[in-house]
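Subject: Structure handover

Hello,

The structure you asked about is below. My notes on the strands and helices follow it.

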Amino acid sequence: MCYVGLDISLSSASVCVIDQEGVVLYETMLLAEVADIARFLHSLPMHPVRVGLEAGPMSEWITAGLTDLGFTALSLESRQFKAALSAMPVKTDRNDARGIAQVVRTGWFKAVHVKSIDSQHARTLVAARKHLVRSVAATEQVIRGLLRPFGLKVGPTTKRSFAARVRELMGAQPVLAQVLEPLLAAREALLREANSLHKTVLSTVRGDPVCRRLMTMPGIGPVTALTFRATIDEPDRFRRSRSVGAYLGSGPIKLLAQTVIG
């Protein structure tokens, strides 16, 4: 009987294997790849009871991968884990792996829900779209700011009329045109890709009955519906709708939760 702690960084994984008494059996460094970690776990003389790793950017992928290969892999809630190791005098990857192994051995942890691959895809889509939309707005603000010292004010515009208005203000000033035309071209490219991702959002929502149900509520559009859908992932993990509000830290979310969970 053994327990395994993994401290995952971007490129490496510090591994600690302990027995049921907490005695360290093996320690090593591996690549932060599911295949490498699984190969090491399969080489152990006994099947691990639990494999633990701190919740983070890499944890969902590795936890899901190890689970698919038959291991009991758990992502540990970060705040609780850090509190458990707060007395550790020296923080290193090796010590963190030891601490994680001891935590999963004793059971003094709270496992974090690992989202499904579909929810991860949806979350990635929404985040990419959001980044492009913000980049368009940021580029427009830069252009407005560069024109202002010359007394040129863009004023209220739409997405369609912004570029035409800027070119109208530049007039026959070749220096301004030389500086701002590349920014306008970059804005146009960002806007085009943002619209493309928005169409993908619409297509995804159209094929999801939960998102369509959410959109029957006033003020809930496709982006909000897909974001909420991806965040909740599995409604059955919440006992009641009010738990979702506490999970997200937002009172109004309770209305959405009642639509999904009841």
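Helices (H or I, at least four residues) and strands (E, at least two) are DSSP runs, numbered from the N terminus. This is a predicted model, in which local features need pLDDT of at least 70 and side-chain atom pairs count only at pLDDT 80 or more, while totals for chains, interfaces and linings use all residues. Residues are numbered from 1 along each chain as its sequence is written, and side-chain values use heavy atoms, with hydrogens and water left out.

With those runs as the basis, just after helix 9 (residues 222–232) Asp233 has a positive phi of about 65°.

Two strands pair if DSSP finds at least two bridges between them. Six strands form an open sheet in the order 3-2-1-4-5-6, and the pairing is mixed. Strand 3 (24–31) and strand 6 stand at the edges with a single partner strand each, so one side of each has no neighbour in the sheet.

Strand 1 (residues 2–8) is mostly covered, with six of its seven residues buried. A hairpin of three residues connects strand 1 to strand 2. Strand 1 and strand 2 (residues 12–19) run antiparallel and are joined by seven bridges; Ile8 stands opposite Ala13 in strand 2. Towards strand 4, strand 1 pairs in the parallel sense over five bridges, and the bridge partner of Gly5 there is Gly52.

Gly52 also has a bridge partner in strand 5, namely Leu74. Strand 4 (residues 48–54) and strand 5 run parallel, with four bridges between them. Val51 has Ala73 as its bridge partner in strand 5. Between these two strands the chain passes through helix 2 (residues 59–68), and the β-α-β crossover is right-handed (with the strands pointing away from the viewer, the path from the first strand over the helix to the second runs clockwise).

Strand 5 (residues 73–76) is covered on both faces: Ala73 and Ser75 are buried on one side, Leu74 and Leu76 on the other. Strand 5 runs antiparallel to strand 6 (residues 111–112), and two bridges join them. The bridge partner of Leu76 in strand 6 is Ala111.

Last, the helix packing. Axes are lines fitted to C-alpha atoms, for helices over the stretch in contact, and angles run from 0 to 180 degrees between N-to-C directions. Angles under 35 degrees count as roughly parallel, over 145 as roughly antiparallel, 65 to 115 as roughly perpendicular and the rest as oblique.

Helix 5 (residues 117–147) packs against helix 7 (residues 174–206) at about 155°, with the axes 9 Å apart. The two helices are therefore roughly antiparallel. The contact of helix 5 with helix 7 has 18 nonpolar, five polar and four charged residues (Ala, Val, Leu, Ile, Met, Phe, Trp, Tyr, Cys and Pro count as nonpolar, Asp, Glu, Lys and Arg as charged, and the others, Gly among them, as polar).

Helix 5 also meets helix 6 (residues 162–170): their axes come within 12 Å and cross at roughly 15°. Helix 5 and helix 6 are therefore roughly parallel.

Regards

Methods. Buried < 20%, exposed > 50% of the residue type's maximum accessible area, 1.4 Å probe, protein only.
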